[in-house]
Every structure is written in structure tokens, then in C-alpha cells.
Amino acid sequence: MLTPNARHTASISITPKFVRALLLQMMTLLLSSLVQAQTSIGAPAAAQREAEPRALKVGEPIERELAGDQTHSYQITLSAGQYLSVLVEQRGIDVAVVLFAPDGKQLFEFDNERRLQGSETIWQVAEMSGSFRLTVLATKKEATAGRYEIRLTELRDATEQDRTLQEARRLNVEGDRLFRAGKYDEARPLIERSLEMREQTLGTEHPDVAQSLNRLGAIIYSSKPDYDKAEPLYQRALVIREKVLGPDHLEVSASLNNLAALYIRKGDDAKAEPLYQRALAIREKVLGPDHSDVALNLVLLGNLYQSIFDFAKAEPLLQRALLIQEKAMGPNHPIVADYLAVFAILFLKEGNYSKSVTLFQRALTIKEKAEGPESLQVANALYYLAISLANNGEYSKAEPLFQRSLTIKEKALEPDHPSLATSLNALADFYRRAGNY
């Protein structure tokens, strides 16, 4: 433990470079958490499920009411080589559709439409004969009841183009999974092949081509990183989406966010700011002011202002984002913990360490309950809280948190992982400042 006469020197230096690195690290974690929550929907464990799925028939639409704690199931009998297309019209609730093969294996999740009004298109080429099941569920378990209509729009023999596009989709999904696991070298050839197949089949200006371009740009941007190669891919994806989908489409806002994040990594904040502002305006217009995706863009813009020390602009954006997520998710949701941590960094940077400690402590409590005491997310929360405690003069509380964070990471990560280096550096700096050489 620290000796009393050394405590006055044991704070962590909060330099602009340190805070910028902290913000970038936090935003990576936040975006990762949100994407994971949005792309791995699955059926809620406590959902009210139907005993028997309903049969879907061509030309016979079914309209029903659905709440966040329910799932509805449908089945379609197909022969191997048949193509199906199903349309789900959202009428007051945002739904996702999960498709299962006859053997029970999950094939694909469809959740492209983020609004309460709009449609999801589900399609598949059957690779085996039998009854395929579709599960319809709300994207948020807290969602109030709304209505939707589901109908089987097409059932026919698959064409060669159908099969090619299905393989391109499979490659894109697998490449995306590898990308999220940090396996960039394995992901890249899959995404490149998916892009090639889509360009040959759909042409060079299709939204699916933009999707592959976006993912390829992210892989190049994350792996080396090679910003000069990633930037034109992001720009091309943006141009396609603006031309084909319109300037105010949600996919355009996603491309704007990707390009802005790249510019921030390059240190070109001036280029990033108008892109984030435009993306926020699109999402507020399309989704309304209280949507979770709006909250994410508020944080992105707020963190940009933090990085240039414009706290007067940053604080209201981050405060609004936190309130949106607390209202949408509840005060103890893991995503709320991520927003608390981002907001806490603002006070850490301002030198308001007591507020930073309070927010980080609340985030840690949520993460421990949701993830368990030995998770990497808990390790990160411990690390940020320890920095705030040290700078607030609570050195005896900070030291064991630094050590506990490091212990968790040493168990969970490879011995040469960069995150371990960050924690070792922070603890070493803490001891150095305490005079404990």
C-alpha cells in the first residue's frame, strides 16, 4: 500500500494525449457493445412463446399485435432448391425476424429497418427440404405493443443469381463475425469475395455492395491500420447510399459515422464534426429525438467536442444521451453503464474527479451484476474508476482496483495483449508518482 508521505504525488497525469486515447478506447468499447446488442438479437429468454407456429401461405397475409415480451412463430415447408421471400410490415413496433432451418439451426437474423414504421424483407434459398421456422420478436424487450403484418410474397425455384447472392451474404456474415472477434486477416478475404460476387451480380451501385465496402473499409481501418486505403472505400459506400437510398436514409448516417471516426483516428477533427452533425440530424429526423441510435450519435459528437476541450458543447450532448438510454433501457442496463463511463470521462477531463468517481462506480456496479466479477468489461470499469479515485486523492481505494483489473486481464488475455500493457503502464505510473520505485 502507499505510504502517507507519498500520497500527494500519486495521481495519474490527465494530459490531452491521455484523454484522447481514453476517449478512443471508450468509444471502441461502446460501439462494440451496442453492435453486439443490435446484431445478436435472438429470442428473449423470458418471452411468451407460442406453442405451435402458424403456417404461412402465398397471398394470405397475417396481421397481429406484438409486445416486447412476446415472440411469434411461423413455418414454411420448402423443398431443397426453393427460394422464399417474406415481407414484414412494421406498424408501430420495430421487429426483427430470425430464420431457422428444419434441423433447428439458426440461419440468419433480419433487422435492417430501425424505425417503428417500415418493412423487413426475409429471403432464403433452401439447402434442405423440410419446415423452416421464422420467429418475429421486438428488437427491445421493453417495447410497448404494436402491430405488424407478415406475408409470404414469393415461393419458387431458386435461380443461379439467388444462390450467388446467398453465398455472398453467408461470406459477409462470417467475415463480420471474424471481424468482431478481431480476426482481421481471416475476415478480409471473405469480405473481398462477398464484394466481388455482389458487384458482378448486382452492379457497382447497389446497397449490398455498399455494405461490403463498409465492412472491408472497417477491416483495413482496424487491422494495420491503413487509413489511406480505408477512406476511399468508406467514401464510395457513402456515395452509393446517398444516390440509391436518398440523402436522409439511416444507412447514410451509418456511413457518415464510419467516415467521421476514420478522420478522428487520423487526427482530422475538423472533417469529422460536420459528418457527425449531419448523421445526428438524419437520425433525429427519421427516428425521433429519443431513439437509442440518436443517443449513440449524441455521444459521438459529444466526445469529439471533449477531445477539443469544448466542454460547454460536450456536456449537454452526453447528458441527453444518458437520459435517452436510461429511459429506453432502464437505469441498470449494461449499455447504460457504457454511457455512464463516457459521461464520467468528461468530468475526469474537467478535473471534477468526485463526479467522475460517482459515475464510474455506478457503471462498475452495473457491469459486475450483468457480466460477472471476472469479465473484461468489469476489468475496464475497474481501471477507469481507479484513475478517477487516484486523481480524487483516494489512493488507498485506487491501488487495489488497479491490481484487480490487471489480475482479471492477465487471466483472460494473451500475455502480449496491448490492453495488458495499458494496465501495467497505469499501475507503474501510479507507483512512480507515489515514490514506490
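## Briefing: a chain of helices and strands

The chain's secondary structure amounts to 14 helices and ten strands. Please keep in mind that this is a predicted model. Of the 437 residues in the chain, 49% are buried. Taking contacts between residues at least 6 apart in sequence, 69% of them join residues at least 24 apart. The accessible surface is about 19,900 Å², and carbon and sulfur atoms account for 51% of that area.

**Strand β5 and its partners**

- Strand β5 covers residues 82-91, and eight of its ten residues are buried, so the rest of the structure largely encloses this strand.
- One partner of β5 is strand β10 (residues 146-157), with antiparallel pairing over ten bridges.
- To find this pairing in the model, look for Y83, whose bridge partner in β10 is R156.
- Strand β8 (residues 117-125) also pairs with β5 in the antiparallel sense, here over nine bridges.
- A handy landmark for the β8 pairing is L84, which has Q124 as its bridge partner.
- As background for viewing these strands, side chains in a regular strand alternate between the two faces of the sheet.

**Helix α6**

- Helix α6 runs over residues 250-266, and its 17 residues should span 24 Å at 1.5 Å a residue; the end C-alpha atoms lie 25 Å apart, in agreement with that expectation.
- Buried positions in α6 include L250, V252, L256, L259, L262 and I264, and the polar residues S253, S255 and N257 are also among the buried ones.

**S405 in helix α13**

- S405 belongs to helix α13, which spans residues 395-412.
- With a relative accessible area of 1%, S405 falls under the 20% limit and therefore counts as buried.
- A polar atom of the S405 side chain sits 2.7 Å from the backbone oxygen of A379.
- Beyond its neighbours within four places in sequence, S405 touches A379, L382, Y383 and S423.

**Salt bridges**

- The whole structure holds 28 salt bridges.
- One of these joins the side chains of D293 and R114, with an N to O distance of 3.0 Å.
- This pair connects distant parts of the chain: D293 is in helix α8 (residues 292-307), while R114 is in the loop between β7 (106-110) and β8, 179 residues apart.
- Both D293 and R114 are buried.
- E174 and R177 form a salt bridge at 2.6 Å, N to O, and this one stays within helix α2 (residues 160-180), where the two residues are three apart, about one turn of the helix.
- E174 counts as partly exposed because its relative accessibility is 26%, and R177 is partly exposed too, at 47%.
- K243 and E205 meet in a salt bridge whose closest N and O atoms are 2.9 Å apart.
- K243 sits in helix α5 (residues 227-245) and E205 in the loop between α3 (184-202) and α4 (207-223), so their pairing ties together parts 38 residues apart in sequence.
- K243 is exposed, with a relative accessible area of 59%, whereas E205 is partly exposed at 41%.

Notes. Residues numbered from 1 in each chain as written. Predicted model: local features only at pLDDT ≥ 70, side-chain atom pairs only at ≥ 80, totals over all residues. Heavy atoms only, no water. Helix = DSSP H or I, 4+ residues; strand = E, 2+ residues; numbered from the N terminus. Buried < 20%, exposed > 50% of the residue type's maximum accessible area, 1.4 Å probe, protein only. Contact = heavy atoms within 4.5 Å. Areas by Shrake-Rupley, 256 points an atom, 1.4 Å probe, with all protein chains shown as cover. Expected span 1.5 Å × (residues − 1). Pairing = 2+ DSSP bridges. Polar contact = N/O pair within 3.5 Å; in protein donor to acceptor, adjacent residues only side chain to side chain. Salt bridge = Lys/Arg side-chain N within 4 Å of Asp/Glu carboxyl O.
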